[in-house]
Amino acid sequence: MTAQAKPDLIVVDDAQALAETAARRLIDRLSGKPRAAVCLTGGSSPEGLYRLLGEEPWRSAVPWDRVHWFIGDDRFVPETDPLSNMGAARRHFLKRVPAPRQNIHPIATDANYPEGAARLYEDELQQFYGAKELDAARPLFDLVLMGLGSDGHTASLFPNSAALEEKARWVLGVAKAGMEPFVPRVTLTFPTLASTHEMLFLIDSADKREILGRVLAREDLPARRAYSNGELVWLVARAAAPEE
Ligand code: 6PG
């Protein structure tokens, strides 16, 4: 499998079409797999997708007992805090579906400090994967969801941070976030996020148009550095799509 750095751009009519297209792609990715892994993202962009997954007909189309749910980054706050990314995923869908408890893999934001939580999550991912080295021919995830911040960050990989260059570690503690909310974070690194059959960016609103234009024009922003060992897809609502 060769790494894909040039994205496929799919433009859909609106946020609802975006959520439905993402749900369809997610369900297709899971089909026929004895065990599947999805890496969720935080922020508001995936909320439409998350809500659909908790509702029919989508809910019945997901093989809940066979799917494991991870998170690409989280804020270092308790899951009950409204800022928690895994907390939001639970509220929006994981609490409403028959996902076995052991299939949900939150980052331990109750660890002593972000780097400690990063080490624990690295161990958990490596145990799930069954090795300590990623093999590009055997992706860790079936689908990785990603968002785009207004400064070009993705996951908790912020512009000009050393984490952008990390090649060895799977997960890192981020002591200082590059933008609001200014709480410490824990993030998967680019090589870990890339270990997937499909990386799917979700861009659902007009306020992303300017930054998306810069990413697609190949400006050296974190989101532009994201790559995938499988497919790399930017799913964009028309309001966010740069002028042709
Ligand atoms: C986080 C995220 C982050 C997010 C983008 C987009 O924890 O902040 O995971 O990378 O995906 O900031 O967020 P919105 O979808 O809210 O614009």
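1. A pocket is found on a 1 Å grid over the protein atoms alone: it is an open set of points with protein on both sides within 12 Å along at least five of seven lines, and its lining residues have an atom within 4 Å of a point. The largest pocket here has 31 lining residues. Nearest its centre lie Gly 42, Gly 43, Ser 44, Arg 75 and His 153.

2. Some ground rules. This is a predicted model, where local features need pLDDT of at least 70 and side-chain atom pairs count only at pLDDT 80 or more, while totals for chains, interfaces and linings use all residues. Residues are numbered from 1 along each chain as its sequence is written, and side-chain values use heavy atoms, with hydrogens and water left out.

3. The largest pocket holds about 560 Å³ of space. A volume is the space filled by probe spheres set on the grid points, which are joined across faces, edges and corners. The lining has nine nonpolar, 14 polar and eight charged residues. Ala, Val, Leu, Ile, Met, Phe, Trp, Tyr, Cys and Pro count as nonpolar; Asp, Glu, Lys and Arg count as charged; the others, Gly among them, count as polar.

4. Which elements supply at least two residues each of this lining? They are α2 (47–53), β4 (73–75) and α4 (85–92). The largest share, four residues, comes from α4. Helices (H or I, at least four residues) and strands (E, at least two) are DSSP runs, numbered from the N terminus.

5. Look at α4 again. Six of its eight residues are buried, so α4 is largely enclosed by the rest of the structure. Buried means under 20% relative accessible area, with a 1.4 Å probe and protein chains only. The six are Asn 85, Met 86, Gly 87, Ala 88, Ala 89 and His 92. Their cover includes β2, α2, β3 (67–71) and β4.

6. The second largest pocket has about 150 Å³ of space. Its lining includes Lys 33, Arg 35, Phe 128, Tyr 129 and His 197. Two or more lining residues come from each of β2 (36–40) and α5 (114–129). By class, seven are nonpolar, one is polar and four are charged.

7. Now the whole chain. It has eight helices and nine strands. Buried residues make up 56% of its 244 residues. The C-alpha atoms fill a box of roughly 45 × 45 × 40 Å along the principal axes.

Definitions and conventions: On a 1 Å grid over the protein atoms alone, a cavity is a set of points where a 1.4 Å probe fits but cannot get out, and a pocket is an open set with protein on both sides within 12 Å along at least five of seven lines; lining residues have an atom within 4 Å of a point. Buried means under 20% relative accessible area, exposed over 50%, partly exposed in between (1.4 Å probe, protein chains only). Contact means heavy atoms within 4.5 Å.
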